[in-house]
Every structure is written in structure tokens, then in C-alpha cells.
Amino acid sequence: MRDYGVDPIAALLIALAAGGLLGAVNGAIVVVLRVNALIATLGTMIMFRGIGLELTDAGLVPLPEKSAAASAIYSIGPLFFDIVVAAVVLLTLDVVHRRTRFGRQIMAIGNSEAVAFD
């Protein structure tokens, strides 16, 4: 994005598409090759990280001054802003997980495929 002048929104869309594609590769390994999901995920994580390090020559890209890291300097009372945001996201997901049908279905998938269909 920095080196080629790519618009941040376009870079976000490219990153999401790449993540979806790599997730599909991981899913294909699990479904087609019938590899345990944990093993496949760890293996592809190591492989994708290695490819990323090779493509970037293992270089670090510094964040611009006005970035998400700048939110860490703001606080709401005794808590930093990013902690408040993380707590709100966590509590929202907890409510969805425990109190909605969708959350129960997600939990059932982790237990057994047969349970998820009930």
C-alpha cells in the first residue's frame, strides 16, 4: 500500500479477499484431504507466514503517526480507549454466543456435526 500508492479502502478489500482465499485453501485441506482442522490451520499458518516474510524480505513496515496505535494514548477514566473497545466487543460477542439461536448453533458445531443439525 505504501510503496505502490494503493488507496487504503482498496488495500482493505484486497486484504479481505486474500484472507478469504487463504481461508478457503485451509478449508479445502480440511475437507478434501481430511486433515484435522487444528493441524491444517497450524500448518497453513506457518506456510502463509513464511510466504509473507519472503515476499516482504522480512522487513518491518512502520505505522504512520495517525494510525490505530494512536488510540492507545486516549483514555476514558482510568481505562485506555482500546481496552474499552475490546471490552465492548467481548461483551457483545458473549451476549450473542449465550443468548441467541445463532450463538447456540455455533457452539453446537464445535460439539458435533449431528448436534448442529438438531
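Which residue just after helix 2 takes a positive phi? Asp57 does, at about 55 degrees.

The legends below describe a predicted model, in which local features need pLDDT of at least 70, side-chain atom pairs count only at pLDDT 80 or more, and totals for chains, interfaces and linings use all residues. Residues are numbered from 1 along each chain as its sequence is written, and side-chain values use heavy atoms, with hydrogens and water left out.

**View 1. Overall chain: five helices and two strands.** From the N terminus, the order of elements is α-α-β-β-α-α-α. Helices (H or I, at least four residues) and strands (E, at least two) are DSSP runs, numbered from the N terminus. Of the 118 residues, 5% are buried. Buried means under 20% relative accessible area, exposed means over 50%, and partly exposed lies in between (1.4 Å probe, protein chains only). The accessible surface of the chain is about 10100 Å², and carbon and sulfur atoms hold 71% of that. Areas come from the Shrake-Rupley method with a 1.4 Å probe; for residues, only the protein chains shown count as cover. Among contacts with a separation of 6 or more, 10% join residues 24 or more positions apart. A contact means heavy atoms within 4.5 Å.

View 2. Helix 1 has 25 residues. Its first and last C-alpha atoms are 35 Å apart, close to the 36 Å expected at 1.5 Å a residue. The expected span is 1.5 Å times one less than the number of residues. Asn26 lies in this helix. At 16% relative accessibility, Asn26 is buried. Leaving aside residues up to four places away in sequence, Asn26 touches Ala40, Thr41 and Thr44. The phi of Arg34 is positive, near 60 degrees, in a residue other than glycine. Arg34 is exposed, at 72% relative accessibility.

**View 3. Helix 2 and its two ends, from Asn36 to Asp57.** At the start of helix 2, a side-chain oxygen of Asn36 comes within 2.8 Å of the backbone nitrogen of Leu38. The 19 residues of helix 2 should span 27 Å at 1.5 Å a residue, and the end C-alpha atoms are 26 Å apart, which agrees. Asp57 follows just after the helix with its positive phi. Ala58 also has a positive phi of about 55 degrees, although it is not a glycine. Ala58 belongs to the loop between helix 2 and strand 1 (75-76).

**View 4. A nonpolar surface patch of Ile73, Tyr74, Ile76, Phe81, Val85, Val89 and Leu93.** Together these residues have about 690 Å² of accessible area. Patches take residues with over 30% relative accessible area and no salt bridge; like charges are joined within 9 Å, nonpolar side chains (Val, Leu, Ile, Met, Phe, Trp, Tyr) within 5 Å. Helix 3 (residues 81-99) gives the largest share, four residues. Ile73 lies in the loop between helix 2 and strand 1. Ile73 is exposed, with a relative accessible area of 64%.

**View 5. The salt bridge between Asp94 and Arg98.** Side chains of opposite charge can pair when their charged atoms come close. A salt bridge is a side-chain nitrogen of Lys or Arg within 4 Å of a carboxyl oxygen of Asp or Glu. The count by this rule is one. The closest N and O atoms of Asp94 and Arg98 are 2.7 Å apart. Asp94 and Arg98 are four residues apart in helix 3, so about one helical turn separates them. Asp94 is partly exposed, at 33% relative accessible area, whereas Arg98 is exposed, at 56%.

Notes: Polar contact = N/O pair within 3.5 Å; in protein donor to acceptor, adjacent residues only side chain to side chain.
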